[in-house]
Amino acid sequence: MALLMETRLILRKVKDLRCVAVRWSRVKPKWATTRPKFPATRLALHQFDVTYGSQLSALWPSVRVALLCEKKYGALINNFSHHDVMAELQLQGCKDFITDTAPAADSQSQDPERGGEEVSQSDLQTTSDTSIHSSIKCLVFPRGDISRFKAARPDSDGLLGYYLMDAASVLPCLALDVRAGHSVLDLCAAPGGKALAIMQTYDLGFLCVNDSSASRTMRLRRVLQSYIPKDQLSDTKLHVCSFDGTMFGDVERNSFDRVLVDVPCTTDRLSVTEDDNNIFSKNRAGERKRLPQLQAALLLSGILTARPGGEIVYSTCSLSRQQNQGVVEQAAHLALQEHGIHTQIVDLKPLTQRFSNTFHFAPGLSAGEMVVPHLAANFGPIYMCKLRRLT
Ligand code: SAM
């Protein structure tokens, strides 16, 4: 009897073990077959080594290290919130990089590739105003300080005191130079960091925020609800929509004083750190190859929506010359050839010189300016180029 009991016990244990084995065998082969041989992050890094290695030459190794390390944030202050978060953050050692612009002591203020003389990108370019008219405030921890911000808390109206974003992402908004009364289009606006920055402008005339993705437009609405008072959200001065931005130029021609074209790109930092939904994964290869074409179509559309005399800022978070200067040249060419519209590049050197103690800028670009990641100031990459529509 005892022997029978023992045999039953052993049989039950074997059965249990078999169940575990079956469960394991059900999971393991699936996991093994779906795991790509080379993760997308590795493919991205390999591609960057080839293209950026030659594009950035001696700069690439230090940019590469920074790109793989934790990025640094800035706290975009929400002027609509009652919380005095500025004082709180200043106590922690943060400074508003926009107003705190002690003269740069290093070589960043001069372009080493141009022998240190005053830089103007080309004779055809015009220089942007060095004064900042915006009421945008963005606090950052000092160079070399990698402290993290705490999550923002809601005030008595439920509005959050600051929005955490790459501080370099604020630069395209500053370059846009939005003034009181301006009508502005943010063509690719979700999730909304730059739109929020633009909304900090005192007495903004009208802002249209658009994104072709319905789910991302929902996210954009949620962000706006967390930062902007209800009465301003329902105001006719703010319009949220979800259209294909490449078609905008056909419908809203010659309309806006300022247009921000912050296009989808290879999101370089994300591409080397996050495998999920990575643009370098095999199933997104076609989409990735078509990016420059889509970017040029979006920028052309942005140029068409601007009024003559209006200004357009094109931006990406990629280091790619093809997605940056290449797209600007192509869109400006198409605007002239297909629509007879002349554009002029506005020199952003005064802006970069002003902020050279906070960010590292790539030297000697043929058009536009680019923040490159650096271990002591790990912001970016952010590329921006400003165009003025002449006709
Ligand atoms: N400006 C945003 C911000 O500061 O939070 C980030 C924009 S993100 C770099 C690019 C956006 O372009 C994505 O949200 C994407 O859904 C949108 N997009 C992609 N194709 C588009 C198109 N054809 N028209 C308009 N938006 C598009």
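Predicted model: local features only at pLDDT ≥ 70, side-chain atom pairs only at ≥ 80, totals over all residues.
Local features are described where pLDDT is at least 70 and side-chain atom pairs where it is 80 or more, while totals for chains, interfaces and linings use all residues. Residues are numbered from 1 along each chain as its sequence is written, and side-chain values use heavy atoms, with hydrogens and water left out.

**The whole chain**

Begin with the protein chain in cartoon view, where the secondary structure comes to 13 helices and 13 strands (DSSP runs numbered from the N terminus, with H or I over at least four residues for helices and E over at least two for strands). Of its 391 residues, 47% count as buried, that is, under 20% relative accessible area with a 1.4 Å probe and protein chains only. If contacts (heavy atoms within 4.5 Å) are limited to pairs with a separation of 6 or more, residues 24 or more positions apart account for 79% of them. Switching to a surface view, the accessible area is about 19,700 Å², of which 55% belongs to carbon and sulfur atoms; areas come from the Shrake-Rupley method with a 1.4 Å probe, and for residues only the protein chains shown count as cover.

**The nonpolar cores**

Next select Phe97 and Phe359, the residues with the most contacts inside the largest nonpolar core, which has 50 residues. A core here is a set of buried Ala, Val, Leu, Ile, Met, Phe, Trp, Tyr and Cys residues joined through side-chain atoms within 4.5 Å. Among the elements that each supply at least two residues of this core are β5 (162-165), α7 (214-227) and β13 (382-389). A second, separate core of 46 residues can be found from Leu45, Leu67, Cys208 and Leu299, which are included in it.

**A four-stranded sheet**

Now display the open sheet with the order β2-β4-β1-β5, whose pairing is antiparallel; two strands pair if DSSP finds at least two bridges between them. Its edge strands are β2 (95-96) and β5, each pairing on one side only.

**The ligand**

Centre the view on the ligand, which 21 residues surround, the closest being Gly192, Asp211, Arg216, Gly245 and Asp262 (a residue is near if one of its heavy atoms lies within 4 Å). In the side chain of Arg216, an N or O atom is 2.5 Å from an oxygen atom of the ligand. On the backbone, an N or O atom of Cys188 lies 3.0 Å from a ligand nitrogen atom, and one of Pro191 lies 3.3 Å from a ligand oxygen atom. The protein covers 87% of the 600 Å² of accessible area that the ligand has on its own. To see the elements that give two or more residues to the shell around the ligand, colour α6 and α11 (285-305).

**Two buried residues**

Move to Ala66 in helix α3 (residues 60-68), which is buried with a relative accessible area of 0%. Beyond its neighbours within four places in sequence, Ala66 is in contact with Arg269, Pro373, His374, Leu375 and Asn378. Leu375 is 309 residues from Ala66 in sequence, yet the two C-alpha atoms are 5.0 Å apart.

Finish at Glu369 in strand β12 (residues 369-371), which is buried at 1% relative accessible area. The side chains of Glu369 and Lys349 are joined by a polar contact of 3.1 Å, meaning a pair of N or O atoms within 3.5 Å; within protein, one must be able to donate a hydrogen and the other to accept it, and residues adjacent in sequence count only if both atoms are side-chain atoms.
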